[in-house]
Amino acid sequence: MAEGFTTSKATEILTSNITTKTYICLSSTTPTKTGSNFSEPAEKAGYVRKPIGPLNTSIAAQIANDEIVFIFEALEDCGSITHLGLADSNVIGSKVFLVAKLTNPLTVGAGYVPLIRKNKLVIGLDKEALEPYA
Amino acid sequence: MRKITAYMGLFRGDGAEPPRESGYERVCLGEVEILDIPALPVREQIVFGDVTAPGWGLVSGFWVFDQAEGGGPLYIWGLPEPVNVHEGTIPVIYQGRLLLGIDVSANIILESANTAETIT
């Protein structure tokens, strides 16, 4: 017997935890599942945690950024970024609640602006778990 | 007030736009008032496409056109220093400056609906 949330409940879970004021964070190390070992670029490098901004739920049981997000302008070399996190706080170093590996690692040099195009940050629940209810 | 369909382009030190075969094309900004053109680079976040080989070279400024290709520019801005727009970047006119964007993407699927512990 298949298990899982209904798509409407899954969407409700996502939208209640990820809002326009959820912050995008970047890490150069592989975080643990508790959110520790999340190494963010230095504040003096221009790094900030950026609000994700408007969201869309155009695909059932998924949430995505509805506008391009310019994360920060690197004032100095920030090395290789491999992971992304989401947090409720914009305080650098405070706990993240969700961590993920980037599709491709990024080398962020001085003068670069990591950005996320519309619909390129997608968070969802496994479709196979939702199939009986989709 | 006269309106035009505005297109933002870039120019290099040689006075030419970057080559189309390296991913360059003018960005359509839609209908704008002629008198609003000077504020466009500051008011809008203008994102160009991905730069492919061999890159776009040293970009020296921006132009506004009223057509997608050809024609003469209606307005020009020079950069304080040229910017080397190389392959793999996404040129962005952001608050009046030309920055090099790099793409971040992540597809986060939480495995099974009963726990967030397994993340791919």
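Me: Which residue stands opposite Phe62(B) in E5(B)?

Reply: Strands are DSSP runs of E, at least two residues long, numbered from the N terminus, and two strands pair if DSSP finds at least two bridges between them. Here Trp77(B) in E5(B) stands opposite Phe62(B). Strand E4 (residues 57-65) of chain B pairs with E5(B) over seven bridges, in the antiparallel sense. A caution: this is a predicted model, where local features need pLDDT of at least 70, side-chain atom pairs count only at pLDDT 80 or more, and totals for chains, interfaces and linings use all residues. Residues are numbered from 1 along each chain as its sequence is written, chains are lettered from A and ligands numbered from 1 in the order in which they are written, and side-chain values use heavy atoms, leaving out hydrogens and water.

Me: What is the strand order in the open sheet of four strands in chain B?

Reply: The order is E2-E1-E4-E5, with antiparallel pairing. Strand E2 (27-33) and E5 are the edge strands, each pairing on one side only.

Me: Which strands form the open sheet of five?

Reply: The order is E5(A)-E8(A)-E7(B)-E6(B)-E3(B), and the pairing is mixed. At the edges are strand E5 (69-70) of chain A and strand E3 (46-47) of chain B. E3(B) runs antiparallel to strand E6 (residues 90-94) of chain B, joined by two bridges. Ile46(B) stands opposite Ile93(B) in E6(B).
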